[in-house]
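Hi,

Here is the structure for you to look over. My notes on it follow below.

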Amino acid sequence: MRFLQACRREKTDAVPIWFMRQAGRYLPEYRRLRSRHTMLELCRRPDLAVEITLQPVRRLGVDAAILFADILLPVEPMGLKLDFVKGEGPAICPPVRTARDVARLRRVDPEEGLGYVLEAVRLLRRELDGGTPLIGFAGAPFTLASYMIEGGPSKDFRLTKNMMRAAPALWDRLLGKLSVVIADFLRAQVAAGAQAVQLFDSWVGALSREDYERFAQPYSRRVLRAAARTGVPVIHFGTGTGPFLESFRDAGGSVVGVDWRTPMDEARKRIGPGRAVQGNLDPTHLFLPRRLLAAEVRKVLRGAGGRPGHIFNLGHGILQHTPPDSVRAVVDWVHEWTA
Ligand code: CP3
């Protein structure tokens, strides 16, 4: 299991590779299922979630499977309404903006509120049968809070930053609650069979170093510590973290995600020898002709320096119109060139 070995910075027979968002709309087999079910149905039906998780494993030959689910699922059992609106992305209703809104949010018993996710994990472990390791995941407190406060995606995080600065005590209560829910959920995924977990802090790059250290890092640290105590490798992923990569590393996680804005060699130096790294091909490189794509893949491998503790991945998720054959080509190259 070269993926788990690399998480532990052990020597591997080849550099392991998987892709964030490896299941999804760029795959025709996903689109076929999606045409008959809503996104939430796909998540809530363990048989469908299992099938979609396995699709990229079969097609691409990746070294890890990531559970098909979404970081926003926990907001429902916390008491909010979640919807995925075509062309607009996720919508959360009502948004969380006042002390009353925060007070109303419920703690979640994972088996009760998110049992369908845990059932998918259990089924997947049986299907994968010790072959491909299974990654569970959750959203980080900052990124989840931003969706809850804005009510959906945001470009400027205006309301989120306003709560942080104008109502820091309220912010701390909200993030405190989220940290508990997320930590409980990750522990439950490990208990159900997840062999590694990833914490997605996708939008944390909207913060300055100072704001990150005051308003996000303490809560990520709580979650990452709780996850580490389960004993499985913990991947800490974020984008736009270049300006505060050392603080991001210090929040925890045995593997640190690196987006494409920071060159891999620089990232490895700044993160240091005590952690594995994951990344960092720009997702748009998958649209290049093969020769140019190959050069970019080589650049990432060279930047990682051939030392143990590198998991090849993108700097962020696969984009919608990505050609699946290019993704497959990258998997084969990484395996061939590093074997
Ligand atoms: O990676 C995988 O293959 C596993 C499944 C997975 C999904 N979402 C499925 C999904 C994972 C790990 C996520 C995480 C997620 N969800 C993140 C963090 C990762 C990242 O990309 O930064 C975030 C920010 C979300 C929130 C979310 N979910 C958004 C913003 C959207 C809409 C944008 C979009 O791409 O449509 C979703 C919907 C979503 N989650 C889809 C999938 C396959 C598309 C649903 C569809 O088919 O319409």
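Asp129 sits in the loop that runs between α7 (115-128) and β4 (134-139). Its backbone deserves a look. Asp129 is not a glycine, yet its phi is positive, at about 50°. Keep in mind that this is a predicted model. For context, most residues other than glycine have a negative phi, and most peptide bonds are trans.

- Cys93 and Pro94 are joined by a cis peptide bond, with omega about -10°. Pro94 belongs to the loop between β3 and α5 (99-104).
- Gly279 to Asn280 is also a cis peptide bond, and omega there is near -5°. Asn280 is placed in a strand, β8 (residues 276-281).

Now the overall fold. The chain contains 15 helices and nine strands. Its radius of gyration is 19 Å, close to the 20 Å that the globule rule gives for 339 residues, so the chain is as compact as a globular protein of that length. The C-alpha trace spans about 55 × 45 × 35 Å along its principal axes.

Next, the ligand. Where does the ligand sit? The space it takes is the largest pocket. The shell around the ligand numbers 24 residues. Arg25, Tyr30, Asp70, Ser202 and His316 are the closest. By class, that shell holds 15 nonpolar, five polar and four charged residues. Two elements, α2 (28-34) and β3 (89-93), each supply at least two residues of the shell.

- Ser202: an N or O atom of its side chain is 2.5 Å from an oxygen atom of the ligand.
- Asp70: a polar side-chain atom lies 2.7 Å from a nitrogen atom of the ligand.
- Arg21: here the backbone takes part, with an N or O atom 2.7 Å from an oxygen atom of the ligand.

How much of the ligand does the protein cover? On its own, the ligand has 880 Å² of accessible area, and the protein covers 89% of that.

If you open just a few spots, take these. Start with Ser202 and Asp70, both among the closest residues to the ligand. Then go to the cis bond between Cys93 and Pro94, and the one from Gly279 to Asn280. Finish at Asp129 and its positive phi.

Best wishes

Key
Residues are numbered from 1 along each chain as its sequence is written. This is a predicted model: local features need pLDDT of at least 70, side-chain atom pairs count only at pLDDT 80 or more; totals for chains, interfaces and linings use all residues. Side-chain values use heavy atoms; hydrogens and water are left out. A residue is near a molecule or strand if one of its heavy atoms lies within 4 Å of it. A polar contact is a pair of N or O atoms within 3.5 Å; within protein, one must be able to donate a hydrogen and the other to accept it, and residues adjacent in sequence count only if both atoms are side-chain atoms. Accessible areas come from the Shrake-Rupley method with a 1.4 Å probe; for residues, only the protein chains shown count as cover. On a 1 Å grid over the protein atoms alone, a cavity is a set of points where a 1.4 Å probe fits but cannot get out, and a pocket is an open set with protein on both sides within 12 Å along at least five of seven lines; lining residues have an atom within 4 Å of a point. A molecule sits in a cavity or pocket if more than half of its atoms lie within 2 Å of its grid points. Helices (H or I, at least four residues) and strands (E, at least two) are DSSP runs, numbered from the N terminus. Ala, Val, Leu, Ile, Met, Phe, Trp, Tyr, Cys and Pro count as nonpolar, Asp, Glu, Lys and Arg as charged, and the others, Gly among them, as polar. The radius of gyration is taken over C-alpha atoms; the globule rule is 2.2 Å times the number of residues to the power 0.38.
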